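Hello,

Here is the structure for you to look through. My notes follow below it.

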Amino acid sequence: MKLKSVFINTTNCITPLGLDVETNIRNISKGISGIRLHKNLVYAEQPFYASIIENSLIEEAFSSVSSSEEYTRLEKMMILALMPVIKKMNPVFDEKTILIVSTTKGNITQLSTISETSAQSADLSLMAQKIASFFGFITEPVIVSNACVSGILSLAVAKRLIQSEACNQAFVVAGDEFSKFVLSGFNCFQAVSNEPCQPYSVNRKGVTLGEAAAAACVSANGQNALAEIVGDGAINDANHISGPSRTGEGLFRSVERAMKEAEIKSEQIDYINAHGTATSFNDEMEAIAFNRSRLGNVPLNSLKGYYGHTLGASGLLETVIGIESLNSGKLYPSIGFDEMGLSQALNIITQNEEKELNYLLKTASGFGGCNTAVLFKKAK
Amino acid sequence: MADKNSFIQSWCTIQNNKINLNGETIFESEPTIGFADFAKAAYRNFGWSYPKFFKMDSLSKLAFIAAELLLKDETTNETETDIALVFSNKSSSMDTDVTFQESIATKENYYPSPAVFVYTLPNICMGEISIRHNLKSENSFFIFEKFNPGFLSNYTDVLLSTNRAEKVLCAWVDFYKETYRANFYLVNSTEGLEHNETTIKTLFNT
Amino acid sequence: MEAVKQELKEKIISVLNLEDVNPEDIKDTDPLFGAGLGLDSIDALELIVMLDKDYGIKLLDPKEGKAIFESIETMAKYISENRTK
């Protein structure tokens, strides 16, 4: 049976580089990063680098869509991300229109005063339900919480649900907030860089954390679409819960699965928007996996140098930007990269470039040994 | 969509210190003992030898026990088996999130633990099972308000009919403050109970 | 020194949840990682936290840990020389 073709119809994002895609692209094309040095005792004793959205920007933007006080900062970010997507698509909210929410930690900041009520207000389904009700969805939201692959996995999930005819249209929103919780955790893993992160560089010292929300509409309607989702795979390493496989096994298999489904060969892939967290193990693992799939020559960047690691938002946010590249033919440098620091070659983009692009590969990997690869084709 | 038929070959529930496998109670402890002791007693009872079990958080221990019972005759260390994991719950990793939050709450006693932090993601329990059973396979973790047989059966059928996996281990695995529930079932394309929402609801009494 | 070694064995067993291991099973010169007790990278990070919390020693470079955590003997020596509590 021939499966339906599935498309990304429209996208949006809320980041330190702007509250819409156009502003984000303008800043990225000028090489501007959202990463700053912060001195804030609420989060840490020591100064730290992070990519954080100014509260006043969120508050001001949100005040123009709602005067309600009941939404948390992250919920506001996610509603703002989704708002123009819903407006543009103007959906009928029936039983075939669903909301997919991607997040790792959701409203975890609510836990900072530990009590029964704080644990309840950090509940992920409550958060998703609030967002669904804000817009008027009548179906129960589907929450994808699969560590750092959540954002990109949620697009694969949307595609699979549309192909199974469980829904006709999926609105995907992905978001995670910068928090003391996550900063403390990455710190005790000795995984936070004391400088802005440098994906793939020999000088890389770990991640820089960030926050963002991103949104997309996914459907079987290819009219005026931005891209077609042509293949995907989300395969576990079965190796270690906190470290990636030394052979890149799960990522390699996810990429192979996506290419097989799309019926394309590695030489047809024009651009890889990779995970590139700037930890020593992750970046090396990606180099091994991509070379196993004969993708070492394909222009590749990590957007972590612009946004830091935005966790459950990252996969979708980076796809939103990647799709802009796919359609404009403009490739942006992987900022933070200087000298090659991998055992195998990757073709890291170091300056603004223009070329004809047809296929984009987006990948991510995360704790728990998870990996996801999704292939996008330019919608003509 | 149903290009292929699908069947439930086995199922397991764990709640209130009682383990049921394919409808029969195979192990239980006094309802008064805590989950950690119950989990240890179950581990000893089945004669397992996997020291990493004791490093896991409660959610992973709960998932591990159920998966062990359903996969023990399905997988070997030597060969790979293509069993996808589709897991879900309500409480995410909140039980461990609270433990971790307590370790960073005060300046005087700020000692975040990496062994706790790693479990502050619900999908880690799938990672543990993938490692134990050598499953280099499709994984997805979903959060719902309550056990959602309709979603799980549909998503499972997608994985099977698009040849993403030979079998799918589906789960609802929820743990928060000593209240827990595991509903696990293994789905294949050849034989067993008919795999659909109604059967799942009947098996798990929901 | 002997007291520190005994204390370390008990702490390691409890902090790293080593079920079915008794302090007397761990020899002072046994390798802790790899073949020995089979500890892994998360355990190493956990031992760094233990050094800080219980002995007031801050290891800023995790690479230092490799030599220190080689065995009970090397750990006890390092702790005796560097402890601040």
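A definition to start: two strands pair if DSSP finds at least two bridges between them. Strands (E, at least two residues) and helices (H or I, at least four) are DSSP runs, numbered from the N terminus. This is a predicted model, where local features need pLDDT of at least 70, side-chain atom pairs count only at pLDDT 80 or more, and totals for chains, interfaces and linings use all residues. Residues are numbered from 1 along each chain as its sequence is written, chains are lettered from A and ligands numbered from 1 in the order in which they are written, and side-chain values use heavy atoms, without hydrogens and water.

Chain B first. E6(B) and E7(B) form a hairpin with two residues between them. Lys177(B) sits in the turn and has a positive phi of about 50°. E6(B) and E7(B) (residues 179-188) run antiparallel, joined by nine bridges. Ala171(B) faces Phe184(B) across that pairing. E4(B) (residues 83-89) runs parallel to E6(B), with six bridges. There, Ser88(B) is opposite Trp172(B).

E6(B) covers residues 167-176, and ten of its ten residues are buried (under 20% relative accessible area; exposed is over 50%, partly exposed in between; 1.4 Å probe, protein chains only). Ala171(B) and Phe175(B) are among those pointing one way, Trp172(B) and Asp174(B) among those pointing the other.

Now chain A. Three strands form an open sheet in the order E2-E3-E7, with mixed pairing. E2 (35-38) and E7 (209-210) of chain A are at the edges with a single partner strand each, so one side of each has no neighbour in the sheet. E2(A) and E3(A) (residues 48-51) pair antiparallel over four bridges. Ile35(A) has Ser51(A) in E3(A) as its bridge partner.

Best wishes
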